[in-house]
Amino acid sequence: MNNASFSKRFIAFIIDFIFISAILMILAYFLPKNTNFDFINQDMNNLTEQALNNEITFRGYLREYSQSLSELEKSNVLYNSVSFIILVVYYVIIPIFTNCTLGKYIMKLRIKRKDDKKLNILNTFIRSIIDVGLLTSLLTVFLVQIVDNKTYFIVLIIFTIIQFILVIISAFMILYRRDKCGLNDFLSNSNIINKREVKK
């Protein structure tokens, strides 16, 4: 089977990223913004500036920043919720019916199960966990509402680090494995292949 190269997959990823970012920017423009959003955001910028100027200890910075970050996410819950839904629809639901996203369509790539069966929601959901950090997005919607500021900040950092490691591992696997399969391919029991390989 002619699995897609890293370069084609990467270009498809960038196309998807630009497309989704544009949608989310439009969404941010039209959704009502919490009145505290700009204030909290400015407060976080001031904290970072104080830390860089050694006007606040690192421990104090982390404490204040984690509190501001948690408050920022809580004030932005509508945007985060709608954004998460859009990500799920685009990366999890649509590929079940089309076997691709816009980026993959443009690059003539398709997602295909290794056993030739139809893609299901588990396949696409597992892929999206590694590809676009869907679980991290989920944290900003739900976890921030139920845990304290410090716990949220720590868990978010842990998930972000894990996400970064998984992406790096997957990228190196695609680059150096002969079959061009990444970690996301193995865990989701699917591959990214060139369009001509898809059986009608």
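Helix H6 is followed by Gly-133, whose phi is positive, near 65°. This is a predicted model: local features need pLDDT of at least 70, side-chain atom pairs count only at pLDDT 80 or more, and totals for chains, interfaces and linings use all residues. Residues are numbered from 1 along each chain as its sequence is written, and side-chain values use heavy atoms, with hydrogens and water left out. Helices (H or I, at least four residues) and strands (E, at least two) are DSSP runs, numbered from the N terminus.

**Helix H6 and its packing**

- H6 covers residues 121-131 and packs on H8, residues 149-176, at an angle of about 105° with the axes 8 Å apart.
- That makes H6 roughly perpendicular to H8; the class spans 65 to 115 degrees, with under 35 roughly parallel, over 145 roughly antiparallel and the rest oblique.
- Axes here are lines fitted to C-alpha atoms, for helices over the stretch in contact, and angles run from 0 to 180 degrees between N-to-C directions.
- From H6, Ile-129, Ile-130 and Asp-131 meet Gln-163, Leu-166, Val-167 and Ser-170 of H8 (contact means heavy atoms within 4.5 Å).
- The residues of this contact divide into 4 nonpolar, 2 polar and 1 charged. Ala, Val, Leu, Ile, Met, Phe, Trp, Tyr, Cys and Pro count as nonpolar, Asp, Glu, Lys and Arg as charged, and the others, Gly among them, as polar.
- The buried residues of H6 are Asn-123, Thr-124, Ile-126, Arg-127, Ser-128, Ile-129 and Ile-130. Buried means under 20% relative accessible area, exposed over 50%, and partly exposed in between (1.4 Å probe, protein chains only).
- Asn-120 caps the N-terminal end of H6, with a side-chain oxygen 3.0 Å from the backbone nitrogen of Leu-122.

**Salt bridges**

- The structure holds 7 salt bridges, each a side-chain nitrogen of Lys or Arg within 4 Å of a carboxyl oxygen of Asp or Glu.
- Arg-9, Arg-127, Asp-131 and Asp-185 are linked in a network of salt bridges. Arg-127 is also among the buried residues of H6, and Asp-131 belongs to the contact with H8.
- Lys-112 pairs with Asp-116 at 2.0 Å, N to O. Lys-112 is buried at 10% relative accessible area, whereas Asp-116 is partly exposed at 45%.
- Arg-177 bridges to Asp-179, with the closest N and O atoms 3.0 Å apart. Arg-177 is partly exposed at 36%, and Asp-179 is partly exposed at 28%.
- Arg-63 and Glu-64 join through their side chains at 3.9 Å, N to O. Glu-64 is partly exposed, at 31% relative accessible area.

**Loops and backbone angles**

- Most residues other than glycine have a negative phi.
- Lys-108 is not a glycine, yet its phi is positive, about 60°. Lys-108 sits in the loop between helix H5 (102-106) and strand E1 (109-113), and counts as exposed at 55% relative accessibility.
- Asn-189 also is not a glycine and has a positive phi, about 55°. Its place is the loop between helix H9 (183-188) and strand E2 (190-194). At 30% relative accessibility, Asn-189 is partly exposed.
- Val-147 lies in the loop between helix H7 (134-146) and H8. Val-147 is partly exposed, at 21% relative accessibility.
- Val-147 and Ser-75 are 72 residues apart in sequence and 15 Å apart in space, C-alpha to C-alpha.

Technical notes: A polar contact is a pair of N or O atoms within 3.5 Å; within protein, one must be able to donate a hydrogen and the other to accept it, and residues adjacent in sequence count only if both atoms are side-chain atoms.
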